[in-house]
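Please consult the sequence and the structure while reading.

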Amino acid sequence: MFKRILIANRGEIALRIIRCCEEMGIETVVVYSTEDRDSLPVITATKAVCIGPAKSTESYLNQDRILEAAKLTDCDAIHTGYGFLSENADFARKCEENEIKFIGPSHEIISGMGNKQNARELMIKNHVNVVPGSDGLVNSPEEAEIVAERLGFPVLIKASAGGGGKGMRRAFSKDEVKEAYNSAKAETLAAFGNGDMYIEKLILNPHHIEFQILADEYGNIIYLGERDCSIQKNNQKLLEETPAWALTEELRKEMGEQAILAAKACGYTNAGTVEFVLDDDNHFYFIEMNTRVQVEHPVTEMVTGIDIVKEQIKIASGMKLTYTQEDIERKGHAIECRINAQTPGTVKFLHFPAGFGVRVESYLYTGCKVSPVYDSMIAKIIVTGNTRLEAIKRMRRALKELVIEGVKTNAEYMLYLTYNREFINGKYDTSFYERNNQEIVKLIAVEQS
């Protein structure tokens, strides 16, 4: 087992990893920017090392400084959490070259699955269901028009190296293809420095279902069930839950087996997520694989009782999985709401919800600053219940208890969302936000007036 792990991240995920390491008897070193010098991870870790100014490219994305900090503090492993360098194949390779264990898959796997077109081709070869699409990359707007007409509209123009909702545009007719292609390409070039594009048939208003997997270095792979992540704003998730209301046990098993097949196809190790879209006729298709721990991993932990971050560390240290697929039992229902800051500022007063079945992941404390420099997510509220309805009612109670003064958040919006009839019935898809946003906003306005 590792003696000391460097955490190359910030905020709630850095704190989440620190807590896990503390329970495992592992020392932690957290790197931080000058903007985060007073943060909870810096206060909580065994040791903290400043690696640069607030700008991410000069701190949390500065690979050389992070590796130097790891070597100076004698760390034998690095955990990158999610975001920043978590899916950076070059950084994983540098860790390997410096004989520091990267807690995640190898750089070859990250590179292969990070390129969505390559991943798509690999899945096709290994008989994993994929959305119909282009045969390889699409290199011009003119070629995009030809491919789109062959597939039939609507289509989704996607960046091969995209992520987080970037580099994707819809086209519902030939007239929209050129602008969509150029816009998506420009966005992904700016965000990822890679302009490779491909096209898929657009599955209108699907369910976004992802399967959590664990894979050790000895060929053992299991899935821990699914999460429904269909409630999204601009491809950014707002709420996740498990189990997915749309799945039967038969369909869940079939999709889980496809997730394992996808992992086997690329020789995957560590924790990962296989993402699918599911249409109204229960046809499902692989869309991508995330080679890291995800924001929403706590909902899976709450129904399985398995600490996914702890399993990541154990797998990276060379241990075999101690679970088989038959060991996995999912009990009850779990829901997660992401609490996002809508303004920066100082938290003047803070009260987190508590009580039976409530979990909070956050880096906030009274007096801390919410920076405009980094991601807007400042907390996650996770609840469990014996039934879905019980979990919904518990989430409402938790959101009512939440108090964050000094920083405007989306907490009230999330509370009203849980009263939405479509959400309560569990019959929602990725069009939920578009269809229901105005109604939720009006309800809030009426209440405030």
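## Basis of the model

The model is predicted: local features need pLDDT of at least 70 and side-chain atom pairs count only at pLDDT 80 or more, while totals for chains, interfaces and linings use all residues. Residues are numbered from 1 along each chain as its sequence is written, and side-chain values use heavy atoms, with hydrogens and water left out.

Helices (H or I, at least four residues) and strands (E, at least two) are DSSP runs, numbered from the N terminus. Two strands pair if DSSP finds at least two bridges between them.

## The parallel sheet

An open sheet with parallel pairing is formed by five strands in the order β3-β2-β1-β4-β5. Its edges are β3 (47-52) and β5 (101-102); each has a single partner strand, so one side of each lacks a neighbour in the sheet. Strand β4 (residues 77-79) runs parallel to β5 and is joined to β5 by two bridges, with Ala-77 opposite Lys-101 in β5.

Helix α1 (residues 11-24) packs on this sheet and touches β1 (4-7), β2 (27-33) and β4. The direction of α1 makes about 175 degrees with that of β1; such angles run from 0 to 180 degrees between N-to-C directions, and axes are lines fitted to C-alpha atoms, for helices over the stretch in contact.

## The antiparallel sheet

Eight strands make an open sheet with antiparallel pairing, ordered β13-β12-β9-β10-β11-β14-β19-β17. β13 (284-290) and β17 (358-362) stand at the edges with a single partner strand each, so one side of each has no neighbour in the sheet. Neighbouring strands here are turned by 25 degrees against each other on average, direction ignored.

Within this sheet, β9 (residues 207-215) and β10 (residues 221-233) pair over six bridges in the antiparallel sense. Ala-215 stands opposite Ile-221 in β10.

Helices α5 (residues 107-114) and α6 (residues 116-125) pack at about 95 degrees, their axes 5 Å apart. They are therefore roughly perpendicular to each other (65 to 115 degrees). The contact (heavy atoms within 4.5 Å) is made by Gly-112, Met-113 and Gly-114 of α5 and by Lys-116, Asn-118, Ala-119, Leu-122 and Met-123 of α6.

Gly-152, with a positive phi near 95 degrees, follows α7.

Definitions and conventions. Angles under 35 degrees count as roughly parallel, over 145 as roughly antiparallel, 65 to 115 as roughly perpendicular and the rest as oblique.
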